[in-house]
Amino acid sequence: MSFTNVFRSIASRPRSSTKGPLDADEAPITSPIATQVARFSSQQASPRTSLSPARSSPVPRSPAPTSAPITSKDFSFLLRPEIYHQLSPLSIPPPFRNPSRQPAPETPISELLSHGHFRAAAIAAVQELTGSPVAATTAAAHPPVEPTDHARVFELLYTRLACLCLIDATSLAAQESKALEDLNSAFYLDPLSGAHLVPWELRVLGVRLQAIGFGDPRRAVMSYYELAREARAQIVQAGKAHDHSAAELWKHRLSELGIKVAGALIEMDDLAGAAEHLATLGDGHQPFKVDGDGQKRLAMSRALLWLHLGDVEAARRCVRGKDGEGESTSERIVDALADMADGEYESALKKWQVLKGSMEENGVHDEMVGVNLAVCLLYTGNMPEARDVLESLVDAGQTSHTLLFNLSTMYELCTDRHKSLKVKLAERVASKPPSQQGWEKTNADFKL
């Protein structure tokens, strides 16, 4: 992630020492299975019946069973063709629309995803969901899904929504996610075990998309807290069962929800609330602290959010190592970003150059470091060098939106013939072999 992408009322009394759903403790929690199953038996309706102002019970849900839940629920309301939008090819540059470079219609979804053909995967997922293939070969590769096969339905729906986000069609994903309606409805619970039938990843993705689709940003914060209650219950249950791997998984999910709440507050322009919330996370003393690399990644996420809020010292504290430890890569990255935030581009340039050299000595070629190095070169009056750095990254096979957008901007600053340079850049990227990071690009990536 480049620096250019990163930088786009607190009460007077001290914060009370209370625990919220984003804080995990070791206190026992009564399993809510019986309560939920009883509630389910009195609410055998689709999720549409749960859209009243009265929210579903905030009691944490029981842990998932060891085997997949068995249900015969009918999810045909998610298979209606009118839910899903047509994806226009006009947003794709001509070099990517070349039929010889496009995957065959009968290509399996798993192969489409592994080769970065996210737009084609989104289309194939809808063909299976709605049972609308255009040819016999396509029908064989993407057979219609059964309305009672909830696992496959939700897998395809997650593929569809995630791929739409990856191809910069988040607004369409937000509209399509509204078909799920209230994911906290008892309709989505298994009638026997009380376990949730919707995969965790889809539930988390659905929170933000539905907040956008329904035009209610506060909905995201409330929904994240409801998921956090469930995560706390799962941590306790895993602890009782001495299942360390499950406990770590749910601790990691709980920590990520804390980061997402801060992001949702920032999207609501509640910067003071986001700062107050971030201050309660990651002090290293919570019983839900994630171990190992997971904690380092979450610390970096917190640091980037602090940089977005303009508090560079808080960002540095998030990644600062213990006394006696060497300066970590994360600490060096945040330190350079903080210098850029303060307008100290000469100082940041030197730090990026040193970091780039040390990483390349270890065989690591990091795109983010290269892009930020180019930005510093631009701001210090070295535009030709900055352009060379970005073009070398493209030649090395890097093709992220951040890199292409910054290079296209560099073309605009260098010459009036920038359109032809952008078209040639699109042809260069389209000629590269597909990768899991995403092959097909949009006009917006090249500022066309």
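This is a predicted model: local features need pLDDT of at least 70, side-chain atom pairs count only at pLDDT 80 or more; totals for chains, interfaces and linings use all residues.
## Aromatic pairs

Because Phe 75 lies in the loop between α2 (33-41) and α3 (109-114) while Phe 154 belongs to helix α6, the pair ties together parts that are 79 residues apart in sequence. Phe 75 counts as buried, at 0% relative accessibility, and Phe 154 likewise counts as buried, with a relative accessibility of 0%. Both residues also belong to one aromatic cluster, formed by Phe 75, Phe 77, Phe 154, Phe 187 and Tyr 188.

Which arrangement do the rings of Phe 96 and Trp 439 adopt? Their centres are 5.1 Å apart and their planes stand at 70°, so this pair is edge-to-face. Phe 96 is located in the loop between α2 and α3, and Trp 439 in the segment after α19, so the pair ties together parts that are 343 residues apart in sequence. Phe 96 and Trp 439 are both buried.

## The segment after α19

The segment after α19 also holds Thr 442, a residue that is buried, with a relative accessible area of 10%. When neighbours within four places in sequence are left aside, Thr 442 is in contact with Ser 91, Ile 92, Pro 93 and Ile 167.

## Helices α6 and α7

Helix α6 (residues 150-166), which carries Phe 154, meets helix α7 (residues 170-177) with axes that come within 7 Å and cross at roughly 155°. Since an angle over 145 degrees counts as roughly antiparallel, α6 and α7 are therefore roughly antiparallel to each other. On the α6 side the contact is made by Arg 160, Leu 161, Leu 164 and Cys 165, and on the α7 side by Thr 170, Leu 172, Ala 173, Glu 176 and Ser 177. Sorted by class, the residues in this contact of α6 with α7 are 5 nonpolar, 2 polar and 2 charged.

## Helix α17 and its packing

Helix α17 (residues 383-395) has 13 residues, which at 1.5 Å a residue should span 18 Å, and this agrees with its end C-alpha atoms, which are 18 Å apart. The buried residues of α17 are Ala 386, Val 389, Leu 390, Glu 391, Leu 393 and Val 394, and they pack against α16 (367-379), α18 (401-414) and α19 (418-430). Just after α17, Gly 397 takes a positive phi of about 105°.

Terms used:
Residues are numbered from 1 along each chain as its sequence is written. Side-chain values use heavy atoms; hydrogens and water are left out. Axes are lines fitted to C-alpha atoms, for helices over the stretch in contact, and angles run from 0 to 180 degrees between N-to-C directions. Helices (H or I, at least four residues) and strands (E, at least two) are DSSP runs, numbered from the N terminus. Angles under 35 degrees count as roughly parallel, over 145 as roughly antiparallel, 65 to 115 as roughly perpendicular and the rest as oblique. Contact means heavy atoms within 4.5 Å. Ala, Val, Leu, Ile, Met, Phe, Trp, Tyr, Cys and Pro count as nonpolar, Asp, Glu, Lys and Arg as charged, and the others, Gly among them, as polar. The expected span of a helix is 1.5 Å times one less than its number of residues. Buried means under 20% relative accessible area, exposed over 50%, partly exposed in between (1.4 Å probe, protein chains only). Rings of Phe, Tyr and Trp (its six-membered ring) pair if their centres lie within 6.5 Å; planes under 30 degrees apart count as stacked, over 60 as edge-to-face and the rest as tilted.
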